[in-house]
Amino acid sequence: MPKIGMKPLRKQQLIDATLDSVAQFGLQNTTIITISRIAGLSSGIISHYFGGKQQLVEATVKHLLEQLKLALLERVRGQHLEPTDRLMMIIEANFTQLQRSKPATKTWLSFWAQSMHEPGLARLQNINSKRLHSNLLFSFRQLLNDDLALIATKQAAAMIDGFWLRSALSPSPEEEFRQAEQFCKKFIVDLLKQYGEISCH
């Protein structure tokens, strides 16, 4: 009989191995064999837990999305934050060490490319975009009127995604990611200064 709690452990091993495989070989060259070899598990376990490579890739992307959500929750939980502070924490959550790591960046880049062709991945991309939009809009609406809050949300989301992408593709990503986080924060501060006179409160 399998040990209690073994299933979550095995699934996480396979997700971690998928991240490593994509980092090493790219998504197209990642196979059941490369994943199972890195995980040190039989290829049959992948079929048993996930059904196949595509389902495992989707589970891996869901894992990155969950970590993104948890990074923000850990920052805001139990605190009475000003909207501006919460906006800063949204940015920080998108630039954590995990989200800027080589396995995560390679997987995100492959995911974005494949989401144009795979309905399951397209759905996850839609969830990701809507979550960022919702989090930003919630805070901006406490500072600006609705029209300006929506504009600010679209601008800030584009800055976060754009700077993240440029950093991930940079020859020196670590330094670029560090600067990107600061640039995004400065953009929001400057934006609020620009619109600051037109506030609902």
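Q99 touches L64, Q67, L68, A93, N94, A104, T105, W108 and W164, residues up to four places away in sequence being left out; contact here means heavy atoms within 4.5 Å. The residue is found in the loop between α5 (83-94) and α6 (102-114). Helices (H or I, at least four residues) and strands (E, at least two) are DSSP runs numbered from the N terminus. Q99 counts as buried because its relative accessibility is 2%, where buried means under 20% relative accessible area, exposed over 50%, and partly exposed in between (1.4 Å probe, protein chains only). A polar atom of the Q99 side chain lies 3.2 Å from the backbone oxygen of L64.

The model is predicted, and local features need pLDDT of at least 70, side-chain atom pairs count only at pLDDT 80 or more, and totals for chains, interfaces and linings use all residues. Residues are numbered from 1 along each chain as its sequence is written, and side-chain values use heavy atoms, with hydrogens and water left out. The average pLDDT of the protein, that is, the predictor's confidence in each residue from 0 to 100, is 91, and 95% of the residues score at least 70. Over residues 197-201 the pLDDT is below 50, and this stretch has twelve contacts in the model beyond near neighbours in sequence. Where pLDDT is low, the predicted coordinates should not be read in detail.

The secondary structure comprises nine helices and zero strands, and the pattern along the sequence is α-α-α-α-α-α-α-α-α. A box of roughly 65 × 40 × 30 Å, taken along the principal axes, is filled by the C-alpha atoms of the protein. Of the 201 residues, 42% are buried. Among contacts with a separation of 6 or more, 66% are accounted for by residues 24 or more positions apart. The accessible surface comes to about 11100 Å², of which 55% belongs to carbon and sulfur atoms; accessible areas come from the Shrake-Rupley method with a 1.4 Å probe, and for residues, only the protein chains shown count as cover.

Nonpolar cores were defined as sets of buried Ala, Val, Leu, Ile, Met, Phe, Trp, Tyr and Cys residues joined through side-chain atoms within 4.5 Å. The largest such core has 43 residues, and those with the most contacts inside it are L87, F95, L136, F140, L144 and I188. At least two residues of this core are supplied by each of α1 (6-25), α4, α5, α6, α7, α8 and α9, and the largest share, eight residues, comes from α8. Another core, of ten residues, lies apart from it and has I15, A17, I46 and L56 among its members.

Helix α7 (residues 119-140) has 22 residues, which at 1.5 Å a residue should span 32 Å; the end C-alpha atoms are 31 Å apart, in agreement with that value. The expected span of a helix is 1.5 Å times one less than its number of residues. The buried residues in α7 include G120, L121, L124, N128, L132, N135, L136, L137, S139 and F140. Their cover includes α4 (53-76), α5, α6, α8 (146-168) and α9 (173-195). I90, placed in helix α5, is in contact with L72, L132, N135, L136 and S139, neighbours within four places in sequence being left aside. At 2% relative accessibility, I90 counts as buried. I90 and K185 are 95 residues apart in sequence, and their C-alpha atoms are 9.7 Å apart in space.

The end C-alpha atoms of α1 are 28 Å apart, which agrees with the 28 Å that its 20 residues should span at 1.5 Å a residue. Its buried residues are L14, I15, A17, T18, L19, S21, V22 and A23, and these pack against α2 (32-39), α3 (43-49), α4 and α6. T18 has a relative accessibility of 2% and therefore counts as buried. The backbone oxygen of L14 lies 2.7 Å from a polar atom of the T18 side chain. With neighbours within four places in sequence left aside, T18 is in contact with I35, L56 and T60. Just after α1, G26 takes a positive phi of about 85°.

Q79 lies in the loop between α4 and α5. At 43% relative accessibility, Q79 counts as partly exposed. The C-alpha atoms of Q79 and W112 are separated by 33 Å, the two residues being 33 residues apart along the chain.

Conventions:
Polar contact = N/O pair within 3.5 Å; in protein donor to acceptor, adjacent residues only side chain to side chain.
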